[in-house]
Every structure is written in structure tokens, then in C-alpha cells.
Amino acid sequence: MNKTASAASKPTGRGVKDIGAERLAQLNAGEPARNLTECLAVDFAELMQAAAPQVGVEAIAALRAQTGTGISKRMALAARILQESLGSDAFKQLKAHRSDTVRGWACFMVGTTPDLALNKRLSMIRPLADDAHFGVREWAWLAVRPQLAAELDTAIQLLQPWTGDPSERVRRFACESLRPRGVWCAHIAALKADPGRALPLLEPLRADPAVYVQDSVANWLNDASKDQPDWVRGVCARWSKGRPAETTERICKRALRSIGA
């Protein structure tokens, strides 16, 4: 999940081991997580037993066996289990579940569904990209990022209208989903080599009024600066000409934090 997702997503100084048994039971029964620590504490097997017991004991046991695996891989595994056991129609039910983790599984169902056109995949993920819960919004872009990267130019074209969406969450998705490096995800080699391909997404957001979006744009450019520092300096110099908006100045300052002007 992205480090700038939301203040609500930040741990409160406690670790998973500090969460009480009663609260764990609530999370595993489907209660929404209140912060990142609680997201990480959810027992997927217990939650699936509560949310979708019809998948069967063998499938739930297979999920339990992967407890020590990274959370992104477990999210994808849970989605595959649900897809194989319940079929694609289960997505409609799960995307509205009260548990943010279950809605996250729905995100990964969108990502793991085979032979789905990219425009259809984005149409399905859009409501989840605009979810009220910080965790679901992170799972949304993580779940479809591999497909976006595989069809990069098409993805950029399809995401361009999202940069003008009234929802800052949707605008942020358009940028965050294709960060060259990102967090908890594979890098996108094509954008590390040529970040300019994503300018159709970055340019419309250069003065976005939402801090949520500003941070994503700045982090995108900071990612790019690890491989193409001169390119990032050039973009920030161009955006800073004349009398740029305060929001643009903020983005550029954060974008250059690893390399300087």
C-alpha cells in the first residue's frame, strides 16, 4: 500500500501482536480495518470462512497454509479461490461487502479474471478505486497494475479521462497505478526507461487541488528520478516557469527531494 494513502492508514504505534483478541475476532468476522496494522492482522482463512463459506474447507485450508506469504500474494490467491469456487458472479456480491479486505479480494478478482479487455477491467475496478476505505483504494490499483503495465499505451489512453474526474480518489488512481517503481509491486521497466510516456497523465494533475493527488504525482516523479533524474528536473523546471500554482510548487519540491534541483 502507498505510504501516502491516508492518515487513517497509518499504524498508531502498535503492531499486529498488540491487537486484542476481541478486535481480531471482529476483523476476521468482517469488521472494517481502521488502520494499516489492522489490515495486516486479518486472518484470511477465518474471514473467508465468514464471508464465503461455500468455497469449501479445502480451499480455506489452502489459504490458511499460505499465512506466512506476503499479503499481496495472499490477496491474489484469495481472489483465485473465490473465482474458481464461486465464479465471476461473486464479484458483484463481494465488491459491496462491509469488510475492506473482502472488497480487496474483489479488486483482485478483477485483476485475475482472464481474457478481459482493459477498458472492461478498468470499468469494473473504478468503483473500488473510489472506495471510501483507504485499503480498498490501494488494492484497486495493485490488483490491475500488471494488466495496465502489459498494455501501457492503451492504459495511459484509457486513464487520461480519469485525471479530470470530480473524485480525487479516481484522479489519484490514474497516477498511482502506473508509478515507475511504486510500493509493494513490481517496477514498470518501460516507464523507468522512458517516463515521458506517462506525461498525458501527469500534466493534467500538475496543479491538482487535492493533497492526496499531489502526493501521488510527486511520488511518481520521485520514482522516475531514481532512473531519469535529468528528465524529472526538466519537467519540474518547465512546470515552475512563470508564476506556478502553489500546488505545483509543492509537487515539484517533493518530486525533487531525492535529487535536488
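Reader: Hi! Which backbone atom does the side chain of Asn-28 reach?
Author: The Asn-28 side chain reaches the backbone nitrogen of Asp-43 at 2.8 Å, a polar contact (N or O atoms within 3.5 Å, one able to donate a hydrogen and the other to accept it). This is a predicted model, where local features need pLDDT of at least 70, side-chain atom pairs count only at pLDDT 80 or more, and totals for chains, interfaces and linings use all residues. Residues are numbered from 1 along each chain, and side-chain values use heavy atoms, with hydrogens and water left out.

Reader: Thanks! Is Asn-28 buried or exposed?
Author: Asn-28 counts as buried because its relative accessibility is 14%; the cut-off is under 20% with a 1.4 Å probe, protein chains only. Asn-28 is found in helix 1, residues 21-29 (helices are DSSP runs of H or I, at least four residues).

Reader: New topic: where does helix 9 bend?
Author: Helix 9 bends by about 45° at Val-144 (the angle between axes fitted to the seven residues ending there and the seven starting there). A proline, Pro-146, follows within four residues.

Reader: And how many residues of helix 9 are buried?
Author: 14 of its 17 residues are, so helix 9 is largely enclosed by the rest of the structure.

Reader: What lines the largest cavity?
Author: Its lining is Cys-39, Phe-44, Ile-71, Met-75, Asp-100, Thr-101 and Trp-139 (residues with an atom within 4 Å of a point on a 1 Å grid where a 1.4 Å probe fits but cannot get out). Helix 5 (71-86) and helix 7 (100-112) each supply at least two of the lining residues.

Terms used: Buried means under 20% relative accessible area, exposed over 50%, partly exposed in between (1.4 Å probe, protein chains only). On a 1 Å grid over the protein atoms alone, a cavity is a set of points where a 1.4 Å probe fits but cannot get out, and a pocket is an open set with protein on both sides within 12 Å along at least five of seven lines; lining residues have an atom within 4 Å of a point.
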